[in-house]
Amino acid sequence: MQEYITIGKEKVPALGLGTYQLTGKEGENAISLAINLGYRHIDTAQFYRNEEVVGNAVKNSGLARKEFFITTKIWPTDFTKKNFVPAVEQSLKRLQSDYVDLLLLHWPGNDAANALAVDLLSECHGKGYARLIGVSNFTIAQLEKARKKAPIFCNQVEYHPYIKQDEMLQYTRQHDLLLTAYTPLARGKVNQDTALIALGKKYGKTPAQIALRWFLQQKNVCPIPKGGSEKHLLENLQVFDFEISNEDMQTIFNLSA
């Protein structure tokens, strides 16, 4: 059963589907399968070249658009007055939707490019193209500048048991922002981790499920693992029926020490 993260008046499905490299018919089938299994939070990007695939899977699901939380991202080459809004409009066309739930700047550019891009994000927000706006891979300093210009909701960063994000987490919680964690399973590395294997045996779960549960027990953090097979997609969803003790949470935090 999916849980939600509440930030302000927004409720975001607490576990999302990362779609990087899910392309073509095979990718569309995987995303459709994920939707059938219960995923409602889907993360894509222009750079992934699969927005059309995501759009098809959502449309073919037969579910109302409002049932989904869809994120896409704009690549820095489009951080220009001429390109930005048309790029967003192209994303919406590929997604077959009038809006995205969350529109992000995929990577930071220089300060001038970021400032312009944040203004253009706000413009898209005002046009109703995005319900919420945010950034990805921004430093705290860059995030602070963006927040002064626009209602930033999220920073998406690489975060897993082997990367410390203590300062970013402190900042996002202080300002009630969402931190979306990409590559939360460290590209499969968690499955070979002896500490996570031991915890998996203790809780009757896989190492990946232990890692995902660790994220879910952190305030304002949303992991977006990728899954292509039914086995992994289902496994990643089966993390809402147990809780990790504080001591075991600390054991996982210590993996990045």
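The legends below accompany several close-up views of a predicted model.

Residues are numbered from 1 along each chain as its sequence is written. In this predicted model, local features need pLDDT of at least 70 and side-chain atom pairs count only at pLDDT 80 or more, whereas totals for chains, interfaces and linings use all residues, and side-chain values use heavy atoms, with hydrogens and water left out.

**View 1. Helix 2 and helix 3 in contact.** The axes of helix 2 (residues 51-60) and helix 3 (residues 84-95) come within 7 Å and cross at roughly 40°, where axes are lines fitted to C-alpha atoms, for helices over the stretch in contact, and angles run from 0 to 180 degrees between N-to-C directions. Helix 2 is therefore oblique to helix 3, a word for angles that are not under 35 degrees (roughly parallel), over 145 (roughly antiparallel) or 65 to 115 (roughly perpendicular). Helices (H or I, at least four residues) and strands (E, at least two) are DSSP runs, numbered from the N terminus. On the helix 2 side, Glu51, Glu52, Val54 and Gly55 meet Ser91, Arg94 and Leu95 of helix 3, contact meaning heavy atoms within 4.5 Å. The residues of this contact divide into two nonpolar, two polar and three charged.

**View 2. The largest nonpolar core, with Leu105 among its members.** A nonpolar core is a set of buried Ala, Val, Leu, Ile, Met, Phe, Trp, Tyr and Cys residues joined through side-chain atoms within 4.5 Å, and buried means under 20% relative accessible area, exposed over 50% and partly exposed in between (1.4 Å probe, protein chains only). Of the 83 residues in this core, Ile31, Phe84, Leu103, Leu105 and Tyr159 touch the most other members. Helix 8 (residues 207-216) supplies the largest share, seven residues. Apart from residues up to four places away in sequence, Leu105 touches Ile74, Phe79, Phe84, Ala117, Val118, Leu121, Gly134, Val135, Ser136 and Phe138.

View 3. The side chains of Asp111 and Lys145 meet in one of them, at 2.9 Å from N to O. Asp111 is partly exposed at 46% relative accessible area, and Lys145 counts as partly exposed at 47%.

View 4. The closest N and O atoms of Asp241 and Lys205 are 3.0 Å apart. Asp241 counts as exposed at 58% relative accessibility, whereas Lys205 counts as buried at 16%.

**View 5. Asp101 in a network of salt bridges.** Glu10, Arg65, Asp101 and Arg131 are linked in this network. Asp101 has its place in strand 6 (residues 100-105) and counts as buried, at 3% relative accessibility. Leaving aside neighbours within four places in sequence, Asp101 is in contact with Arg65, Phe68, Phe69, Ile70, Arg131 and Leu132.

Technical notes. Ala, Val, Leu, Ile, Met, Phe, Trp, Tyr, Cys and Pro count as nonpolar, Asp, Glu, Lys and Arg as charged, and the others, Gly among them, as polar. A salt bridge is a side-chain nitrogen of Lys or Arg within 4 Å of a carboxyl oxygen of Asp or Glu.
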